[in-house]
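User: Got a model open here and I'd like to go through a few spots with you. Ready when you are.
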Amino acid sequence: MKTRLLTLALGTSMALLTACGGGTSDKAGKSTTLPSADPALVKLVPHDIRSAGVVKGASSFTTPPLYTFADDGKTPSGVLVQLVDNAAALLGLKVSWSQIPYAGIVPALNSGKADLSGSQFSSTAANLQAANILSIYKNTVGLSVLAKNKGTYGDLTGACGKTFAVIRGSSIEAPALAKIDAACRSAGRPAARSAAYAGAADAYTAVRSGRVDGFLDSLAPANEVTERTKGVFAVAFAGRFDVYDSGFAIAKRRPDLAKAFAAAFDASLKNGSYQKIMARWKMPQVLYASKAQLNVEEK
């Protein structure tokens with residue numbers, strides 16, 4: 001079970017953002033061209049959404065390079081956001097994005113305030129009870145630490161007794177912690193601990209201030225921070241944890257929309273637009289998908 005859990009938190013405020021128009025934006029907010037609608041795919045879109053021409057998206061926009069804002073601080077951007085925008089365009093739709101804390105996304109999906117997420121979810125049993133999950137790339141965990149301390153993490157026992165930040169409402173780090181704990185037990189050393197934070201910015205601040213020893217998060221964001229901070233942070237244990245399918249959530253009430261997006265993502269893989277987005281954000285080849293995988297709860 002490797003994913004951010006769908007935490008059913010209530011009372012989340014939503015800040016409505018400007019709907020994406022004829023393009024999406026890269027890191028600097030520069031407009032990029034979206035594909036034209038594919039008539040065969042448009043037919044798959046549920047009638048009410050097709051008539052409106054808009055699908056409602058929700059994301060925390062707190063995890064670059066997956067879901068974030070462009071450098072203007074207001075334009076939705078990131079790998080997952082651009083992949084969703086790209087698939088929506090093939091379906092003849094625009095995405096109207098709203099910013100919601102991660103733990104509030106599922107309540108938004110359940111209430112009808114959102115149709116899909118622009119934040120990362122994977123197909124665990126807990127997630128599938130609350131949403132349909134469309135896996136469109138692969139994921140693994142990285143441990144971000146201060147670069148000056150990376151040498152203390154030669155093997156997993158280097159994490160014994162230390163405290164690592166995690167994102168509140170997330171479980172993607174659980175398998176990594178389990179591997180660390182197994183190594184620590186074998187060595188007769190104390191297990192690692194976790195401390196939950198609301199978002200990645202808070203977690204990295206805690207690492208930098210010394211309140212925690214590191215931050216367990218998706219590898220792509222960890223690599224992004226390492227590159228952006230130029231020697232302040234580094235990734236330890238790269239490649240030591242499991243690789244698994246990941247993607248985004250679509251409201252459980254909209255299996256028809258989930259099927260349409262699955263077809264659109266397969267089309268983006270065939271026409272090469274998927275690969276261009278992944279390459280634009282320097283996503284490692286190990287994280288590329290070969291096809292979209294729609295996961296629904298089995299009755």
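User: Let's start with Asp-181: does it count as buried or exposed, and why?
Analyst: This is a predicted model, to begin with. Asp-181 counts as buried because its relative accessibility is 18%, and the cut-off for buried is under 20%.
User: Where is Asp-181 found?
Analyst: In helix α6, which covers residues 174–186.
User: And what is Asp-181 in contact with, leaving aside neighbours within four places in sequence?
Analyst: Ala-191 and Ala-192. A polar atom of the Asp-181 side chain lies 3.3 Å from the backbone nitrogen of Ala-192.
User: Switching to disulfides: how many does the count come to?
Analyst: One. It joins Cys-160 to Cys-184, with 2.0 Å from S to S.
User: Which parts of the chain does that pair link?
Analyst: Distant ones: Cys-160 is in the loop between β10 (141–146) and β11 (163–167), while Cys-184 is in helix α6, 24 residues apart. Both cysteines are buried. The link is left-handed, at -105° about the S-S bond.
User: OK, new topic. How many residues has the largest nonpolar core?
Analyst: It has 60 residues, and those with the most contacts inside it include Leu-83, Phe-248 and Met-283. Helix α9 (residues 255–271) gives the most to this core, with nine residues.
User: What does Met-283 touch, neighbours within four places aside?
Analyst: Met-283 is in contact with Pro-65, Leu-66, Val-79, Ala-220, Met-278 and Tyr-288.
User: Which residues does the second core include?
Analyst: That separate core has 20 residues, among them Ile-180, Ala-236, Phe-237 and Tyr-244.

How values were computed
Residues are numbered from 1 along each chain as its sequence is written. This is a predicted model: local features need pLDDT of at least 70, side-chain atom pairs count only at pLDDT 80 or more; totals for chains, interfaces and linings use all residues. Side-chain values use heavy atoms; hydrogens and water are left out. Helices (H or I, at least four residues) and strands (E, at least two) are DSSP runs, numbered from the N terminus. Buried means under 20% relative accessible area, exposed over 50%, partly exposed in between (1.4 Å probe, protein chains only). Contact means heavy atoms within 4.5 Å. A polar contact is a pair of N or O atoms within 3.5 Å; within protein, one must be able to donate a hydrogen and the other to accept it, and residues adjacent in sequence count only if both atoms are side-chain atoms. A nonpolar core is a set of buried Ala, Val, Leu, Ile, Met, Phe, Trp, Tyr and Cys residues joined through side-chain atoms within 4.5 Å. A disulfide is a pair of cysteine sulfur atoms within 2.5 Å.
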